Structures are given as structure tokens and as C-alpha cells.
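Subject: Structure handover

Hello,

Here is the structure I promised you. Please open it next to this email and follow along.

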Amino acid sequence: MSLFVSFEGGEGSGKSTQAKLLRDRLSEAGHPVLLVHEPGTTPLGLYLRERLKRQTRQEDIISPSAELFLFAAARAELAAKVIKPFLARRGAVVLSDRYMDSTTAYQGHGRRIDLSKIQVVNELATQGTVPDLTFLLDLSPEDGLARIRAKLTLEQGKETAHQRQDREGMRRFEEETLAFHRRVRDGYLKLAQQEPVRWRLLDATRPVDDLAAVVWAEVEAHLRREPSGGEDVQPGLMPIGERPPDDAAKKTRKG
Ligand SMILES: Nc1ncnc2c1ncn2[C@@H]1O[C@H](COP(=O)(O)OP(=O)(O)OP(=O)(O)O)[C@@H](O)[C@H]1O
Ligand SMILES: [Mg+2]
């Protein structure tokens, strides 16, 4: 049995941290494991990633629908050429740091492109190569931004490629309004509610190791073909449909 796992959530929520810890743990356990990052990983994805980042001059700014297609093009290439072939291996596990749900959350809920159109584009891009299990690292945009800032302050000095990525990440983050990031977060929570069997909701403010333990327990259960099914909530998972109490209080009522 093979397994496809994706990590979703806002900027700075800890997706890459958890994806890497899970990759290391799976590989120690002897599983063929592949970690992919969106957009990127394939030559086309890397090319598109560079272009998507390069939006500093007014004439370089990509329209929302063109942006949707560029992300979809990167994903189509990744799904067909990398993820699907790897999953054909016995016991293989593919981990994706962002996948199709990022498109629904950012281009759909964030940029307000019609969700039914997003769904069609996602289906065209993935061709049925969709995650079995998706972890949502739920964090307020304020906390996410604070984390990225803190990380950049800590790492001042000679800039590595990874730090450059974080700096670019922060620039992208700050270019969008807080309202945009809140729509993204709420969009993710809606997605989890719509498909509770696939999604696992994590409180991303918890310590890294606690989160990693919960992620590992869920993945192990899946590999043993005993998924918790989203109904029996395992220790450490938040029941889908609830958000952390402090945020619920802050949230303004709509309608
Ligand atoms: N559970 C956690 N508690 C506190 N800090 C964390 C936690 N998880 C990750 N961090 C820290 O927050 C920062 C962002 O983490 P990470 O890069 O994993 O997030 P990300 O979701 O991949 O962000 P991006 O969307 O920018 O790629 C890092 O400095 C990381 O060490
Ligand atoms: Mg990351």
C-alpha cells in the first residue's frame, strides 16, 4: 500500500518543519519516501516558481486567473511525472508541502475566484492523484507572520538559500492584507469540514515535537490501514469544525 500525504496551512504555520520530520521518521522506518514542495521540484515547477516570485514591477504582476493556471501547470507536471510514478512503488509514501488545497484556499477563498472553477482546474491538474491524508496546521495570520519575522531576526548575517526563501515568503505575506490571510485560514477550515475523512486539524501553536507525534500516529495508522476516519478524534487532534477558543472569541460574526 502506498500513501500520499499533504501539509497545508498559512505561511509560517510549520508545514515544512512537520513534513521534514515525517520524512526522516518514515525513512528511518524503512519506507521509500519522497518529499515534494509546491511549486517547485520539477524543472517546469522551478521555472514557474521563479516567475511567480518575480512580481516586483507593475508590468510583471500576474493576473489572478493566470496565477491560477501557473500553479496548476506546476502541479500537473509534479503529479504526472513525480508523485504518481513514485506511488506505484510498494509501500511508498509521498509527502507534499502544499498541494491542490492551497489553490482552493489562496486563489479561491483568498483571491475570490469562483470555487467551482477552481475545482475543475484542480481536477485537471491532479488527474486523480490526490492525497489520502491532509494535515491542516491551523494558525492565526498574526502568529504566522510573527514566526517568520522572528526566524529572520535570528538568522541575520550571511544569507543562505533557505533564508532567502523565508525573506521572499515574508515579502509575499506582507504584500497581502490581513483580511486576505484570514479568508485563506477560514477557507482551509471549510475544506476540512467538507472532507473530514481526509483532513486532520492540528493546532499549530503546539510544540513541534507534540505535533510531530500526532502526525506520526496518524500516518502509522494509515500505513497499517487503520485510519481513524476523522470521527474518533485521536489525542492531539482538534475536532474538525472547532477552532481554538481564543480565536473563536476574536472572530467577528458574519450574517
Ligand atoms: N510548532 C511550532 N511552534 C513554534 N515554532 C514553530 C513551530 N513549527 C515551526 N515553527 C517555526 O516557525 C517558523 C516557520 O516554520 P516553517 O518554515 O516550518 O513553516 P511553513 O508553514 O513551512 O512556512 P512557509 O509557508 O513560509 O513555507 C520556523 O522558524 C519554525 O522553526
Ligand atoms: Mg515552508
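Below is what was found in it, from the whole chain down to single residues.

**The whole chain**

Keep in mind that this is a predicted model. The average pLDDT of the chain is 87. Of the residues, 83% score at least 70. Take care with residues 248-255, where pLDDT stays under 50. For that stretch the model has one contact beyond four places in sequence.

The chain has 255 residues, and 36% of them count as buried. It holds 10 helices and five strands. Now look at the contacts with a separation of 6 or more: 78% of them join residues 24 or more positions apart.

**Helix 1**

Start with helix 1, residues 15-28. Its length can be checked. At 1.5 Å a residue, its 14 residues should span 20 Å. The C-alpha atoms at its ends are 20 Å apart, so the two values agree.

Which residues of helix 1 are buried? They are K15, Q18, A19, L22 and L26. These residues cover an arc of only 100° around the axis, which means they sit on the same side of helix 1.

What covers the buried residues of helix 1? The cover includes strand 1 (3-9), strand 2 (33-37), strand 3 (93-97) and strand 4 (133-138). Helix 9 (208-223) is part of it too.

After helix 1 comes G30. The phi of G30 is positive, near 90°.

**Helix 4**

Next, go to helix 4, residues 100-110. Here 11 of the 11 residues are buried, so helix 4 is largely enclosed by the rest of the structure. Among them are M100, D101, Y106 and H109.

What do the buried residues of helix 4 pack against? Their partners are strand 1, strand 4, helix 3 (64-87), helix 5 (115-126) and helix 8 (178-194).

Just after helix 4 is R112, with a positive phi of about 65°.

**Backbone exceptions**

Some backbone angles deserve a second look. Most residues other than glycine have a negative phi, and most peptide bonds are trans. Here are some cases that depart from this.

- R98 has a phi near 75°, a positive value in a residue other than glycine. R98 is in the loop between strand 3 and helix 4. Buried or exposed? R98 has 23 C-beta neighbours inside 10 Å, so it counts as buried.
- Q127 has a positive phi as well, near 50°. Q127 lies in the loop between helix 5 and strand 4. With 12 other C-beta atoms within 10 Å, Q127 is exposed.
- The peptide bond from E38 to P39 is cis, with omega near -20°. P39 lies in the loop between strand 2 and helix 2 (43-53).

Find P235 in the loop between helix 9 and helix 10 (245-250). P235 is exposed, because it has 8 other C-beta atoms within 10 Å. P235 and V214 are 21 residues apart along the chain. Their C-alpha atoms are separated by 7.5 Å.

Then find R51, in helix 2. R51 is partly exposed, with 13 other C-beta atoms within 10 Å. R51 and L70 are 19 residues apart in sequence. In space they are 9.2 Å apart, C-alpha to C-alpha.

Best wishes

Conventions:
Residues are numbered from 1 along each chain as its sequence is written. Chains are lettered from A and ligands numbered from 1 in the order in which they are written. This is a predicted model: local features need pLDDT of at least 70, side-chain atom pairs count only at pLDDT 80 or more; totals for chains, interfaces and linings use all residues. Helices (H or I, at least four residues) and strands (E, at least two) are DSSP runs, numbered from the N terminus. The expected span of a helix is 1.5 Å times one less than its number of residues. A residue is buried if 20 or more other C-beta atoms lie within 10 Å of its own, exposed if 12 or fewer, and partly exposed in between; C-beta atoms are placed from the backbone. The arc is that of the directions from the helix axis to the C-beta atoms. Two residues are in contact if their C-beta atoms, placed from the backbone, lie within 7 Å. pLDDT is the predictor's confidence in each residue, from 0 to 100.
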